[in-house]
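Please look over the sequence and the model before turning to the notes.

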Amino acid sequence: MHLAVIRRVVFSISAMHSLRYSSKLVSNTTPVVVRNSLLMQRRIFHNVNGSFINDSKITRNISLPKLFAKQIQVREYASKVVKVPALAESITEGTLSRWNKKVGDFVQQDEEVATIETDKVDAPVNSPYTGTIVELYAKEDDTVSVDQDLFKIETGGTPAEETETTKEEAKEEPKVEKEEPKVEKEEPKKEELKEEKEEPKKEEPKKEESKERKKELKEQEKIPSPSPPKTDSKSATTLYGDREDRHVKMNRMRLRIAERLKESQNTAASLTTFNEIDMSNIIDLRNTYKDSIMQKHGVKLGFMSAFVKASVFALQEIPIVNASIEGPDGGDTIVYRDYVDMSVAVATPKGLVTPVVRNAHLLSFIEIENAIAELGKKARDGKITIEDMAGGTFTISNGGVYGSLYGTPIINMPQSAILGMHATKERPVAVNGKVEIRPMIIYSVLNKS
């Protein structure tokens, strides 16, 4: 009795070992039965489109017949639920602005699946696994919070399996399309012949109907019809044209910018001063070196780098402008800084952002232009991060790109001041007792008083 049990155990282990390491696949219509007499468990694997479905049932007194007739390779897939990642410091929720993938799409590890819009930036959500998306737990424009379930992914598999199935379907579809037109061409011929034979028989009823219709019309003409109401020749549509209202919900970033600007207006006791600058020397400098700098460094030499360097020298000479007021109840401490992190205002489709040029006091003209170009491109492409916009000590806003001549910018809290640049225009000015036409720019400085 004991010898029979031992033989049965050895036979079961060897069977499961061969099942695990086999590389041959059964046909699509053949179910494979695996019986384990020790666990008293019966597992049936069906091969469906290259994947095996496990249908397990507990039975009794099961032996191992025909196990080695067919051998299979079992692939294991696991479903994982991906949650909303940590967005940024002090941000606990955001708006799901866009799904980049849909159910059934295959994604690689670290591939972007969705985009969540926060108060400051658009945060991408990348897949931590390689696999196929099987379920989405949120819709676009929904508010999602950190650690909330976002989507489910079935790990494993390769995109090659999807391309093979699509190719097979594409090959089968044209065959059906070629057979359908043949049936459609034969049927209309029989119907047309029948209609041509039946048409002469139906001519007489039409004549009788037309006579009755004429009598009805004559009777209606005798009855006086009510006069139509008088209307103005020019209606509202002709006066004002086609008009409509469109309601577009503001995104989180634009709402947050509006709140911050209004908070700055309500909090800071600010003073604005205006001055003008003769841009002749800077324009001559730019025209002299812009081509050589473009060829050597691949960057355009603009006016912004000159204003950044000039601001750096002024901030180092007057450190209080580079400081900020911090502390409870509106602030009770002045924080002085021996470095300059220059915030540069950049307009984007979603609102105005202020990325920071770090250590501007150590950079040259060309390095400043490179940094501004890179930050501006990231902002317009929606790839700016919170780290790119945090920690500025002074801000420059260039309203001149829109052609404005005067303006009062708003302080970017908790900073102490902001410089507003405007458009350069030729104007008559007095130079050494003579009137000359010079390119002039008016700039404004808004600072806390």
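The notes below begin with the whole chain and then turn to individual elements and residues.

The model is predicted. The protein chain has 9 helices and 22 strands. Of the 449 residues in the chain, 29% are buried. Among contacts with a separation of 6 or more, 59% join residues 24 or more positions apart.

**Helix α5**

- Helix α5 covers residues 252–267, 16 residues in total, and its first and last C-alpha atoms are 22 Å apart, close to the 22 Å expected at 1.5 Å a residue.
- The buried residues of this helix are R252, M253 and S264.
- Seen down the axis of α5, these buried residues fall within an arc of 100°, so they line one face of the helix.
- The packing partners of the buried residues of α5 are the strands β5 (93–99), β7 (112–117), β10 (143–145) and β17 (351–353).
- At the start of α5, the backbone nitrogen of R254 has a side-chain oxygen of N251 within 2.7 Å.

**S264, a buried residue of α5**

- S264 belongs to helix α5 and counts as buried, at 3% relative accessibility.
- Leaving out residues up to four places away in sequence, S264 touches I410, I411 and M413.
- A polar atom of the S264 side chain lies 2.8 Å from the backbone oxygen of I411.

**The largest pocket**

- The largest pocket holds about 1000 Å³ of space.
- Its lining consists of 35 residues, of which R260, T354, M389, N412 and M413 are the closest to the centre of the pocket.
- Helix α5 supplies the largest share of this lining, with 6 residues.
- At least two lining residues come from each of α5, β13 (324–326), β17, α9 (386–389) and β19 (394–398).
- M413, one of the residues closest to the centre of the pocket, is also among the residues touched by S264.

**A cis peptide bond**

- M413 is joined to P414 by a cis peptide bond, with omega about 5°.
- P414 is located in the loop between β19 and β20 (417–421).

**N322, a buried loop residue**

- N322 is situated in the loop between α7 (304–317) and β13.
- Although it is in a loop, N322 is buried, with a relative accessible area of 2%; the cut-off for a buried residue is under 20%.
- Not counting residues up to four places away in sequence, N322 is in contact with L315, R337, Y339, V340, T393 and F394.
- The side chain of N322 also reaches the backbone oxygen of R337, at 3.4 Å.

**Loop residues with contacts across the sequence**

- E140 is in the loop between β9 (131–136) and β10, and is partly exposed at 41% relative accessibility.
- E140 and R98 stand 42 residues apart in sequence, with their C-alpha atoms 5.7 Å apart in space.
- Apart from residues up to four places away in sequence, E140 touches L96, S97, R98 and W99.
- A polar atom of the E140 side chain lies 3.1 Å from the backbone nitrogen of W99.
- A78 is in the loop between β3 (51–58) and β4 (79–83), and is partly exposed at 34% relative accessibility.
- A78 and I153 are separated by 75 residues in sequence and by 8.4 Å in space, C-alpha to C-alpha.
- With neighbours within four places in sequence set aside, A78 is in contact with I153, E154 and T155.

**Positive phi angles**

- D110 is a residue other than glycine with a positive phi, near 70°.
- D110 is placed in the loop between β6 (106–107) and β7, and is exposed, with a relative accessible area of 57%.
- N359, likewise a residue other than glycine, has a positive phi near 50°.
- N359 is in the loop between β18 (356–357) and α8 (365–380), and is partly exposed, with a relative accessible area of 35%.

Technical notes. Residues numbered from 1 in each chain as written. Predicted model: local features only at pLDDT ≥ 70, side-chain atom pairs only at ≥ 80, totals over all residues. Heavy atoms only, no water. Helix = DSSP H or I, 4+ residues; strand = E, 2+ residues; numbered from the N terminus. Expected span 1.5 Å × (residues − 1). Buried < 20%, exposed > 50% of the residue type's maximum accessible area, 1.4 Å probe, protein only. Arc of directions from axis to C-beta. Contact = heavy atoms within 4.5 Å. Polar contact = N/O pair within 3.5 Å; in protein donor to acceptor, adjacent residues only side chain to side chain. 1 Å grid on protein atoms, 1.4 Å probe; cavity = no way out; pocket = protein on both sides within 12 Å on 5 of 7 lines; lining within 4 Å. Points joined across faces, edges and corners; volume = space filled by probe spheres on them.
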